[in-house]
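Hi everyone, thanks for coming.

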Amino acid sequence: HQSSPSLKDPTLDTATVDSEQQRADSPQSQGKTQRQNFTPTQNRQLLKWFCEHSDKPYPTGEDTKALSALTGLNYAQVKKWFANKRMRSKSTVALTVADGEVDDAASDGVELVIPVPAQPDWEGRGSDERAVR
């Protein structure tokens, strides 16, 4: 019967074990890609184009190629950045509408139901009752 080597075994190289463990834990070995944060300059360049074309934030193939060359990102990264930005902007529009700018959302076909909490009627009622409007 043979036992597995222990850490006290002088024939076991712990540096090799550590590097093998790091490789096994790396995102590449698990089929995952590592998340890349774009630089502030790259984000600024993409955001500038996005804001300048806010009426139609869909870059053409040529625009995407130009932005790719400008930022140093590949074509797919630029396309994905715009897809994510458009999705996040929709969330921002919904929050803006909730803050009171309903006219912009109505023109975009966005319908929001914003509950208004009942306010306590302090005149003539108990403090735990709420007025019905």
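Let's begin with Thr 64, which lies in helix 3. Helices here (H or I, at least four residues) and strands (E, at least two) are DSSP runs, numbered from the N terminus. Thr 64 counts as buried because its relative accessibility is 3%; buried means under 20% relative accessible area, exposed over 50%, and partly exposed in between, with a 1.4 Å probe and protein chains only.

A quick word on the source: this is a predicted model, where local features need pLDDT of at least 70 and side-chain atom pairs count only at pLDDT 80 or more, while totals for chains, interfaces and linings use all residues. Residues are numbered from 1 along each chain as its sequence is written, and side-chain values use heavy atoms, leaving out hydrogens and water.

So what is Thr 64 in contact with, leaving aside its neighbours within four places in sequence? The partners are Pro 59, Tyr 75, Val 78 and Lys 79, with contact meaning heavy atoms within 4.5 Å.

Now the rest of helix 3, residues 61-71: Thr 64 is buried there along with Leu 67, Ser 68 and Thr 71. Seen down the helix axis, these buried residues fall within an arc of 105°, so they line one face; the arc is that of the directions from the axis to the C-beta atoms. Turned away from that buried side are the exposed Glu 62, Ala 69 and Leu 70. Just after helix 3, Gly 72 takes a positive phi of about 85°.

Stepping back, the protein has five helices and zero strands, and 15% of its 133 residues count as buried.
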